[in-house]
Amino acid sequence: MNPRLPYLREKTSKLTASPGVYLMKNRDGAIIYIGKAKNLKKRVTSYFRENPDHTPKVAAMVSNVYDYDFIVTDSEYEALLLECSLIKQHKPKYNILLKDDKGYHYIRISAGDYPRITAEKNTSESGEYLGPYTSGSVTREAVNEANRVFMLPTCKKSFPEDFRKGRPCLNFHIKMCMGVCRGKIDSGSYKKVVSQAVEYIKNGSTDSVERMESEMNAAAENLEFERAAMLRDRIAAVKKAAEKQKIINNGVRSADVVGVAEFYDGIYISVLMYRENRLWDKAVFEVEKPDAGEDILSAFMAQFYHGKADIPKVVVVDHIPEDSALIEELLSSQAGRSVKLWQPQRGRLYELLRLAKNNSAEYAALKNNRTGKEVIALEELGQLLGLEKPPKYIEAYDISNLSSESMVAGMIVFEDGRPLKKAYKRFNIKEQSFQNDYGSMQEVLRRRLLRIGTDEDEYFRRTPDLILLDGGKGHVNAVQPIVRELGLDIPVFGMVKDSKHRTRAIAAGGREIQINNLKSAFMLVTRIQDEVHRYSVSFMHSKHKKKVYKSELTNVKGIGEKKAAKLMLTYKTKENLKKATPEELASAAGVNIETARQLWEIIRNM
């Protein structure tokens, strides 16, 4: 608890309701957080209220606030501009900081009579540079593609010094290099091809194809068949690259596509930058989860685009941020033209949005030792069920029985989207005399939940983020009162199957939520439902077999229920029983050797 809270609350009670910027400071006077507000009093008060529901990051920030300053502005838009400027100036500890002073990549066109096109991490060498680019992979791909399409040399030879020194390499013979080393291409002709390659990188595939087709037709008319064939092959190479990378005629001349993926306490944001019908660059950022009520997309976009020169006509997002009008005003002002935020529902832009989101998920997966599909599945499931964050620890339950015999339940656990088999548990139904799925589920959940926080078993001590029941609305309605009675806040949902025993929907008390339109979440829930059903049924079959074995043992005179149970407890499986000698059976069951021999004969024929 911050001992300065009474003072901070008193100061805030007199604060203006005007828009502006606030600057939180620690005991040393250093700025640790900067924020903007439409209403300064209302926003700053939210930090210092009693019983706040802050995220750990914001709670840590508030605990270190000794005092704060504020700057009143005429509008919320002015507050946004000032906030962005001050954050870049002071780099406060608790703000989302998008580092932009390292990690850049460039495309270099070297100097000399026979220049090369290469990907570089700095601009220390002489030559012409394109960039900077944020993504090294995009930069390298652009360079490799240009060199491949225009058949430029990528070897370590120097020209013209190495003309005719040895035979042309394999790249020449497989038509991936024009063979400059043969000494048959003059500098002027070579530089013209390099200029075309640079133009291709700058302006994309469509313009290059149109220009080369025009040149090819002109060459054919002039009977320059060798040149026409070369241009034909180059056009084919461009189109082949376009089919692979979807960079030609994709309908996106100028757009940034912003994909967001959430993985527990981290937010991962990728920006795919399309210019002139091709992927021009990519940037990926990791930021901490924001405080409740704070729109991460607004905060990210304000900082990412503040002071940026190259702003597209459209920014594609998965939801329209709360400060959309301010963000659009900021971008339009910097670009000198209208810039719109767009949330597509279908079509090409929607596909690119999914691609951006997948990029974010793959980055999150890499950082957390998971796969991108697992990250997306948990995020989709959390959003679908209205959870505050993706469910890290999921428990699922299923009841299995043969009429009123061998009534059991299975509990499985998925952690981070994967089965955690050492946490699986089995339950024998003790309180139900007859088949009663609802009563059995209530019994099992009560027995399990009573052990949260106190049990010696580390997995029973844990509180699940989500409970899934193999069943519909009736199962959920039966269990929810148990959860409330025990004072627990655990979301409970059912997994509904269709007539062919396949996952169909999620049951939420009085309604069903369709899930088959969310592929990743659907596949995860299906895996969970199949696994918990398999686990509970296998336990039921195992228990039923033991009952059958035990009933066969009681056919021997002198072997009752208790002695049969003692034998099953000692040997556990039929295979172990068959390995026992009559003497061992006599000792385990406490019977004479004659009874043990009769028992041994029965067991041999089981």
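**Aromatic pairs and a covered strand**

Helix α10, which spans residues 296-305, carries both Phe300 and Phe304, placed four residues apart, or about one turn of the helix. The model described here is predicted, and both of these phenylalanines are buried in it. In total, the structure holds 18 aromatic pairs. Phe300 and Phe304 count as stacked because their ring centres are 5.4 Å apart and their planes meet at 15 degrees, and planes under 30 degrees apart are classed that way.

Aromatic rings also come together elsewhere. Tyr22, Tyr33, Tyr47, Phe48 and Tyr68 are linked into a cluster by ring pairs.

Attention now turns to strand β4. This strand covers residues 105-109 and is mostly covered, with five of its five residues buried. In a regular strand, side chains alternate between the two faces of the sheet. In β4, His105, Ile107 and Ile109 point one way, while Tyr106 and Arg108 point the other way, and all are buried.

Strand β4 has partners in β5 and β6. With β6 (residues 128-133), β4 runs antiparallel and is joined by four bridges; here Ile109 has Glu128 as its bridge partner. With β5 (residues 117-120), the pairing is likewise antiparallel, over four bridges, and Tyr106 finds its bridge partner in Glu120.

Definitions and conventions:
Residues are numbered from 1 along each chain as its sequence is written. This is a predicted model: local features need pLDDT of at least 70, side-chain atom pairs count only at pLDDT 80 or more; totals for chains, interfaces and linings use all residues. Side-chain values use heavy atoms; hydrogens and water are left out. Rings of Phe, Tyr and Trp (its six-membered ring) pair if their centres lie within 6.5 Å; planes under 30 degrees apart count as stacked, over 60 as edge-to-face and the rest as tilted. Helices (H or I, at least four residues) and strands (E, at least two) are DSSP runs, numbered from the N terminus. Buried means under 20% relative accessible area, exposed over 50%, partly exposed in between (1.4 Å probe, protein chains only). Two strands pair if DSSP finds at least two bridges between them.
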